[in-house]
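Thanks for coming, everyone. Let me put the model on the screen and walk you through it.

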Amino acid sequence: MAFTAPKETYSGKVFEVAIGTDKTAVFGGENVLPFHSFEGNIPHRPVIAYEIQDVPPDDWPETVKKVYEGVSGDPVTWAKYCQDTLNAQAIALRLVGTHPDRENRSPEDAAKTVKDVLAAINVPLIILGSNQIEKDSAVLVSVSEAAKGKNCIIGKAQEGNYKTIAAAAMANNHKLIAMSELDINLSKQLNILITQMGFDKEKLITDPMCSALGYGLEYTYSVMERIRLAALTQNDTTMQPPMLADVGMYVWKIKETQASESDLPQWGLLAERGIAWETITAGSLLMSGAEFLIMRHPEAAKAVEKFIDELM
Amino acid sequence: MLIIGEKLSIIAKRVREAMFKRDKGPIQEIAIRQWKEGSGMIDANIGPAEDGGEDLMQWMVTTIQEAVHLPVCLDTTNAKALEAGLQVHNNEWGRPLINSTSNDPERFPILELAAKYNSQIIGLTVGKGGLPADAEERAAIAAEIMARAMEYGVPLEDIYLDPLVLQIATSQDHALKVIEAIKMFQEMNDPPMKTVVGLSNISNGCPKALRPILNKYYFIMLMNAGLTAAIADAHEMAEAMQEKKLIDDVLAGKKIDDAQKMAEITKTLDVIMGKTLYAHSYLEM
């Protein structure tokens, strides 16, 4: 008798999300666990967005900063470089310069940056605040209006500011990232609260909060895994938006991506170490259910694309 | 089912203030109300009570028993305070209950007190290593507590095993594990071991309006599993008993006439049983 591999069937399905207007990117839509194509349908590959900033990346470690040397002084040039030279499918613009402890750029300045970047690219844009609750609720409203009709992703809406940000994203027809801090129940609650405002649940992206390998990755992994299981096995529609892993920001601030070879020769080449770290973190989170990644180093992004090629 | 009235806890501001001022009025008023609502025992939770715990526990026990003819559940980690309370406890109204010993060596001497004062005792199934992972681990710890109780000369009939109810808002999977543990504990002796839970911890951290709903339905499920006693709000538990038939009908897969109640019960039972993921707004979904 021939062997028949056991197969799971799932009652739920992840929502499919399309972003952008000219060149679009689509992710989600699967009705199986990550890469379980033998059990069902995975219509889209995970999408990787390249991260850029509104201000020069002075705080990025050398390994990843030097890749963008000559282009990162200006977000428009940087965005075009990612699109045209690195073939980025999507670009994530983090408005870190709006943070009150940084350059404290105004919502109007941020809106101008967004307009300039949008005018220069044709791939989808993800617009992220500086992760400061109060400032983000002003900045993200302003940039949502500036990007009206461009079908962007706005983020991140959190418990403390989701009302204004979700209202702005809704009014200007964008997708929205809902972020909670490594708590599956609060993640579900935030998605409920946002949809109770009238925001379409099929336009949400869940961010359960990323963490780098060695810095709590297993917590993110576990929360993502359980979110995906609730979506698929319990048909929990509040947990069916695709998930974001905001990898680059969390990886390129840890010491393993920065410590010099002279201090820690046993850790291997610095130039390879950070790339490997970002690759492994991203790959792990794809395995736990992320459909959408934000990454920094092109070599890491390419390695993850290859990983996806092999698993799809 | 024995309801141990939970309201005399140091966590409540009014109770705490009355304890510090040695103001009998609020303590006795709350004790009487809990008795009228159906409590068969009154929990006196004085916290760790590192300073002056002995005097406070004695005052609590005598103050409560002056007002109601019920035994007291002496709730503190301070062994000296427990002993002081046991010395003044009036056993005419029933035997006291110590809350609690566990599998932590620091809590072993508390078993001596149970033997010495012929008191009943709660055995909380946690060890020094932290929270139990599942029902099996709870049962394994229960076995150790039972063995130790016998060494100390405490009869197994005097032990109430407590599987430790955890918050559904953060540890949803434990809701069912606790119910499973209640069933397992009973099989560990003949006659079956007695069991108790600190019920309202299930809804700790949940929105205020949700708390009685979760407490009541969880109580009925535990009761169906054979629970002997609950440290709980007696008023809520009386309501639970009135709703028991509806809950049992839904558990048996029957439809009940009141559609809104049907939805409330179904959604809550699904959350308790882990069929849907808990969120503060689960009733609105």
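Start with a pairing: in E5(A), which residue is the bridge partner of A:Ala92? The partner is A:Ile126. Before I go on, two words on where this comes from. This is a predicted model, in which local features need pLDDT of at least 70 and side-chain atom pairs count only at pLDDT 80 or more, while totals for chains, interfaces and linings use all residues. Residues are numbered from 1 along each chain as its sequence is written, and chains are lettered from A and ligands numbered from 1 in the order in which they are written.

Back to that bridge. Strand E4 (residues 90-94) and strand E5 (residues 125-128) of chain A run parallel and are joined by 4 bridges. Strands here are DSSP E runs of at least two residues, helices are H or I runs of at least four, and both are numbered from the N terminus. Two strands pair if DSSP finds at least two bridges between them.

Now the whole sheet. In chain A, 8 strands form an open sheet with parallel pairing. Read the order as E8-E7-E6-E5-E4-E3-E10-E9. Strand E8 (204-207) and strand E9 (244-245) of chain A each have a single partner strand, so one side of each has no neighbour in the sheet. Helix H10 (residues 298-311) of chain A lies across strand E3 (47-53) and strand E10 (292-295). The angle of H10 to E3(A) is about 170°; axes are lines fitted to C-alpha atoms, for helices over the stretch in contact, and angles run from 0 to 180 degrees between N-to-C directions.

Chain A overall. Chain A has 10 helices and 10 strands. Its radius of gyration is 19 Å, close to the 20 Å that the globule rule gives for 312 residues, so chain A is as compact as a globular protein of that length. That radius is taken over C-alpha atoms, and the rule is 2.2 Å times the number of residues to the power 0.38. The C-alpha box of chain A is roughly 65 × 55 × 35 Å along the principal axes. As for burial, 53% of the 312 residues of chain A count as buried. Buried means 20 or more other C-beta atoms within 10 Å of a residue's own, exposed means 12 or fewer, and partly exposed is in between, with C-beta atoms placed from the backbone.

One loop in chain A. A:Pro56 sits between E3 and helix H1 (62-65). A:Pro56 counts as partly exposed because it has 15 C-beta neighbours inside 10 Å. Beyond its neighbours within four places in sequence, A:Pro56 is in contact with A:Ser72 and A:Gly73. Contact means C-beta atoms, placed from the backbone, within 7 Å.

Most residues other than glycine have a negative phi, and most peptide bonds are trans. Now the exceptions. The A:Gly155 to A:Lys156 bond is cis, with omega near 5°. A:Lys156 lies in strand E6 (residues 153-157) of chain A. B:Asp190 and B:Pro191 are also joined by a cis peptide bond, omega about 5°. B:Pro191 is in the loop between helix H7 (173-186) and strand E7 (194-198) of chain B.

Then positive phi. A:Leu182 is not a glycine, yet its phi is about 50°. A:Leu182 is in the loop between strand E7 (175-179) and H6 of chain A. B:Arg22 also has a positive phi, near 50°. B:Arg22 is in the loop between helix H1 (13-21) and helix H2 (24-36) of chain B. With 12 other C-beta atoms within 10 Å, B:Arg22 is exposed.

On to chain B. Chain B has 10 helices and 8 strands. Of its 285 residues, 47% count as buried. Helix H4 (residues 79-88) and helix H5 (residues 109-116) of chain B have axes that come within 10 Å and cross at roughly 10°. So H4(B) is roughly parallel to H5(B), a label for angles under 35 degrees, with over 145 roughly antiparallel, 65 to 115 roughly perpendicular and the rest oblique. B:Ala79, B:Leu82, B:Glu83 and B:Leu86 in H4(B) meet B:Pro109, B:Ile110 and B:Leu113 in H5(B). By class, that contact has 6 nonpolar, no polar and 1 charged residues. Nonpolar covers Ala, Val, Leu, Ile, Met, Phe, Trp, Tyr, Cys and Pro; charged covers Asp, Glu, Lys and Arg; the others, Gly among them, are polar.

Last, the interface. How many residues of chain A are in contact with chain B? There are 11, against 10 residues of chain B. Helix H6 (residues 184-196) of chain A gives the most to chain A's side, with 6 residues.

How values were computed
Two residues are in contact if their C-beta atoms, placed from the backbone, lie within 7 Å.
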